[in-house]
Amino acid sequence: MKRNLKFSTVFLILCLSLSSCVDNNYDLTDINTDDITIGGENLVIPMGQIEINLGQLLTKASQTINFPVNDAYDLGNDGFFDGSILDKLPNDGNFTLVSVVSNPIGETLSLRLWFDYRSGDGSSQTHSLYVLGDVSNTVRVNAAGETTVTINVTRDMLDHFCKAVDVGFYIGCEKSSVTVDDSNLKMTIKLTVKAKGGIEL
Amino acid sequence: MKKILIIAAVAVMGLGLANAQSLRTAYFLENSMLNNSLNPAFQPYRGYVSIPLAGSTDIAYSSNSLALDKILYPDESGSGLVTFMDAQVDATEFLKNLKSDNRVDLDLGMKILGFGFHSGKSFWTFDIDLKNNVNLDLPREFFEFAKIGSGESGMTYNMKDFGANVSSYASVGVGYSRTINERLSVGAKMKVIAGAANVDMRYSKMDVVMRSDKWEIDAVGELEASCAGLTFEDDDQGCIDFENNDFSLKKPAGWGAAIDLGASYKLLDERLTLSAAVIDLGFIKWGAENTTSGTAQAKYYFAGFNVNKDGTESSLEGDFEDFTKFKRVEPQSNSTGLRTTINVAGEFEFVKNVISAGLLSSTQFRPNKTFTELTAAGTVRLKEILAASVSCSLVNGQYATVGFAVNFSPSWINLFIGTDNILGKVSKQFIPISQRSANLYVGLGIPLGRKWTDRQKSE
């Protein structure tokens, strides 16, 4: 009996030594899953591209672009962009709208680009969301190459972007006109959103 | 999507099932209740009745790359844990430990009822066991997709063979072991199996492109879910709605059978024992009426809008989460094999019935995978009261583990504890925190019949 007691004691010590290894900080009943995201620290989301066909702005006789040009594309009344992917972005996230402008002309251009959206359910309140430049200023676009412009935007601004009904632009040049050989020349503006924090699940 | 990831993470962290091949360290513990389950030819010194629900419980976890502390991290707030998917977990830190194919196995077993008794040169056993297995196959790119996403400049992922399997069943077994002569013993165990659940989800294709000019997902997946009494409704798109289910247990989802076979042979004045066994050679057939089948064929494409003078085009096709939706298809009955294990061993007794050394090769066969473990063990026996083994195992030729097993069996109790991988820090739920592989077996029984030494004398 005495020997059995010894063995029992040894066995008990063995079991206790196992339980002493418990790390109380690791409690599987206390796991926070509220902030699960995919996409990690940086997420880049394609927003699309705008093509400005400079050929359609040519003066037919001279094949010359006369500057400045103000024009607008009608995007419809219900917003033009399915922004469901943006719904998964955090409301309080940091977003950057990146615009890459491809200039096919061998002259430095100035460019202003904005999206018109209407607030509320009425159609009279129209606001402009400037993507390149602002209401009075333009951005310089390098000659015959790409220019990247970034602006910080809020989640609300992205929502407005999706609900835009018009896209307007202004193109200017130091020269009053530029002659080009190709009537199909297109200026493209590619837009992407960079988000911090990933997609919420 | 969130649900799938959470389920995967919880499975990884909690239930802990494994490439668990039983407790190899116990193979040479003659007097334990467990070693008969490793080789049905083995006979313990005395009969036993296991304590109901506590007769034998095992939990095992194994992974070729992931430990609990690589899945769960302390919350920076100082309270609780967060998953690796949380933004506060650094992607580089998390990804550095992963392999191209990451496997996680969790096994949980429990003996509901069991007893064994000697009858002359024979030993009979009767067991009712529960077994649960979870297996996850997670390509590294799955984690990269989760943690890096598009990155700064865009990424392309191929997550083929991403999958998970969960199975649960109960077995009722009757075993018989016979001492043919002084050297040879043979044994067999027949098992009838009632399948509770078998869920298998696997993607044969999962290509994901996340670049600044487009996002694209092209995925093909299959789901087979055989669950006793569990049925799922469809959502409005004809896809299986896992949240809308009904549970009414009437009968098992599947039936099966298995057999264990074993033999041992003594040589060199009974100092050398050679033994071999086949364990769980069998299958479970899952009925079509208990099975829910679905396929996921997702094509998602998004490149934003294209605005020009002629109008606007939107490129959106499909939904980002379509790959998590399985469209119901006609279910069919299917069979799954058990994890058959072959044990081959040799043991030499330096001091007869006191000190021995043994070598065990244990190979487990699974669909598309085979696991081999080589275990060397030294065993000390103090009469029939206490036996202890210390082991060193080489797992799949990749890493070594050190284990121990102790069997304490005075006349009134049979207590057993062992592991093939000595535990370090564990969670409050006793899950190892930093180890990629761990198991723990605990058993409690009441001895029956005469002592081994008494029987030896009478024979």
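How many bridges join β3(A) to strand β16 (residues 305-308) of chain B, and in which sense do the two run? I looked this up first. Three bridges join them, and they run parallel.

**Entry 1. Ground rules.** I note that this is a predicted model, in which local features need pLDDT of at least 70 and side-chain atom pairs count only at pLDDT 80 or more, while totals for chains, interfaces and linings use all residues. Residues are numbered from 1 along each chain as its sequence is written, and chains are lettered from A and ligands numbered from 1 in the order in which they are written.

**Entry 2. The two chains.** I took helices (H or I, at least four residues) and strands (E, at least two) as DSSP runs, numbered from the N terminus. Chain A has two helices and 15 strands. Chain B has five helices and 26 strands. I counted a residue as buried if 20 or more other C-beta atoms lie within 10 Å of its own, as exposed if 12 or fewer do, and as partly exposed in between, with C-beta atoms placed from the backbone. Of the 201 residues of chain A, 27% are buried; for the 459 residues of chain B the share is 47%. Along its principal axes, the C-alpha atoms of chain B fill a box of roughly 105 × 45 × 40 Å.

I then looked at contacts (two residues whose C-beta atoms, placed from the backbone, lie within 7 Å). Among contacts between residues at least 6 apart in sequence, those joining residues at least 24 apart come to 86% in chain A and 66% in chain B.

Entry 3. I called two strands paired if DSSP finds at least two bridges between them. Strand β3(A) sits in an open sheet of six strands with mixed pairing, in the order β11(A)-β7(A)-β14(A)-β3(A)-β16(B)-β17(B). From one strand to the next the twist averages 15°, with axes as lines fitted to C-alpha atoms (for helices over the stretch in contact) and angles from 0 to 180 degrees between N-to-C directions.

Within chain A, β3 (residues 42-53) runs antiparallel to β14 (residues 186-196), joined by eleven bridges. There A:N53 has A:K186 as its bridge partner. On the chain B side, A:I50 has B:V307 in β16(B) as its bridge partner.

**Entry 4. The contact between the chains.** I found 48 residues from chain A and 59 residues from chain B in the contact. On the chain A side, the elements giving two or more residues are α1 (2-19), β1 (31-32), β2 (37-38) and β3. Of these, β3(A) gives the most, with ten residues. By residue type, the chain A side divides into 24 nonpolar, 17 polar and seven charged; Ala, Val, Leu, Ile, Met, Phe, Trp, Tyr, Cys and Pro count as nonpolar, Asp, Glu, Lys and Arg as charged, and the others, Gly among them, as polar.

Entry 5. Strand β3(B) pairs with β4 (residues 81-83) of chain B in the antiparallel sense over three bridges, and B:P74 stands opposite B:L81.

**Entry 6. Helix α4(B).** Is this helix, residues 140-147, mostly covered or mostly open? I found it mostly covered, with seven of its eight residues buried. Among them are B:F142, B:F143 and B:F145. The buried residues pack against β2 of chain A, and against α3 (91-95), β6 (122-139), β7 (155-158) and β9 (184-210) of chain B. Just after the helix, B:G149 takes a positive phi of about 65°.

**Entry 7. Positive phi outside glycine.** I noted B:D269, with phi of about 55°, in the loop between β13 (254-267) and β14 (272-286) of chain B. B:D269 counts as exposed because it has 8 C-beta neighbours inside 10 Å. B:N353, with phi near 65°, lies in the loop between β20 (340-351) and β21 (355-366) of chain B. B:N353 has 15 such neighbours inside 10 Å and so counts as partly exposed.
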